Amino acid sequence: MRLIRAELIKLRTTNMWWIFLLCSVAFTGLALWINALQANSQLDDSYVSQEPPPGMSDADRAQFEEYQRQEQERIAAAHSGAGLAKIAANVYTSGQFFGLMLVMLMAILLITNEFYHQTATATFLATPKRTKVIVAKLVTAAIMGFAFWLLTTAISVAVGVAYFSGEGVGNSLGHWTAQQAILLNLLVYVLWAIFGIGIGVLIRSQLGATITATALYTIGTYAALIVLALIRQFVIKEDWVFESAVYIPPLASQHVVGSLASQLGDDTDLPPRWAGAVVLIAWAVILGTIGTLITRKRDVA
């Protein structure tokens, strides 16, 4: 507990925590705006009540009426309990993509600051059992991830409830789909904080670790989607190619809260959400274990 308190003091007495927190709030606000626009388009039923434009041919009128019928079915599904809960889950987990990146980067700094400011030697001299130090950093990172999740979720839920109330529909907070997304989002935030510690141990350079992690998280994620799409289109024309996206940590995070299907197509047969959580846990265990073993053996003088 003393080590955890010491790590929390290191975190609290620097400027980086509130800078990252402000960035997280800004990205959450931007994501809320985008998700609200998306939800509005899914719930908007103004088009289905329109009359066919005058002067339409019988063929065009039939096509117009068929499109309206399809829209009515889609809107009815969106306004159903399950449909509203799916939309609410997306709104209530707003800002996850950049929020996770910020948590990961902050956790990276939590470990690389020791090497950048040359305090690692003093830290390990004060606590020769290095495993305890790494465990304390992992716990501190998990606490930090929880704090970021709590703040972003409080903002998202408050704004989301107000939005759904303004639209005259239920907020779905009592629906398990929305509750599951919120709770699994907490798990995701904590796991990405642990990822950050693992990456910081593997790449001790502060600049190198942050740039590498950011590039892999942002560019690498969408590059992976493009590669999977190309493989699915030209090489292996099987559905499991797209389904394997769940094994990529950032995409697994999106799958946990139900937003990956919209990127791959709602007809993609993805595994259950808990499978994404299992993938993230496995990655966290691997990175955490490797990081601990390396720190125990590495010379930090």
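**Residue classes in the lining of the second largest pocket.** The lining of the second largest pocket comprises 14 nonpolar, three polar and no charged residues; nonpolar denotes Ala, Val, Leu, Ile, Met, Phe, Trp, Tyr, Cys and Pro, charged denotes Asp, Glu, Lys and Arg, and the others, Gly among them, are polar. The model is predicted: local features require pLDDT of at least 70 and side-chain atom pairs pLDDT 80 or more, whereas totals for chains, interfaces and linings use all residues. Residues are numbered from 1 along each chain as its sequence is written, and side-chain values use heavy atoms, with hydrogens and water left out.

**Space and surroundings of the second largest pocket.** The second largest pocket holds about 340 Å³ of space, taken as the space filled by probe spheres set on grid points joined across faces, edges and corners. Of its 17 lining residues, Trp192, Ile199, Leu216, Pro249 and Pro250 are the closest to the centre. A pocket is an open set of points on a 1 Å grid over the protein atoms alone where a 1.4 Å probe fits, with protein on both sides within 12 Å along at least five of seven lines; lining residues have an atom within 4 Å of a point. Two or more lining residues come from each of α8 (176-202), α9 (206-235), α11 (249-256) and α13 (273-297). Helix α9 supplies the largest share, six residues.

The protein contains 13 helices and zero strands, where helices (H or I, at least four residues) and strands (E, at least two) are DSSP runs numbered from the N terminus. The C-alpha trace spans about 85 × 45 × 30 Å along its principal axes.

**The crossing of helices α4 and α7.** The axes of α4 (residues 81-92) and α7 (residues 130-167) come within 8 Å and cross at roughly 140°; axes are lines fitted to C-alpha atoms, for helices over the stretch in contact, and angles run from 0 to 180 degrees between N-to-C directions. The two helices, α4 and α7, are therefore oblique to each other, given that angles under 35 degrees count as roughly parallel, over 145 as roughly antiparallel, 65 to 115 as roughly perpendicular and the rest as oblique. Ile87, Ala88, Val91 and Tyr92 of α4 make the contact with Thr153, Ser156, Val157, Gly160, Val161 and Phe164 of α7, contact being heavy atoms within 4.5 Å. The residues of this contact comprise seven nonpolar, three polar and no charged.

**The crossing of helices α1 and α7.** The axes of α1 (residues 2-12) and α7 come within 9 Å and cross at roughly 55°, which means that α1 is oblique to α7. On the α1 side, Leu3, Ile4, Glu7, Leu8, Lys10 and Leu11 meet Lys132, Val133, Ala136, Lys137, Val139, Thr140, Ile143 and Met144 in α7. The residues of the contact of α1 with α7 divide into nine nonpolar, one polar and four charged.

**The packing of helices α4 and α8.** With their axes 8 Å apart, α4 and α8 pack at an angle of about 20°, so α4 is roughly parallel to α8. Ala85, Lys86, Ala89 and Tyr92 in α4 meet Thr177, Ala178, Ala181 and Ile182 in α8. By class, the contact of α4 with α8 has six nonpolar residues, one polar and one charged.
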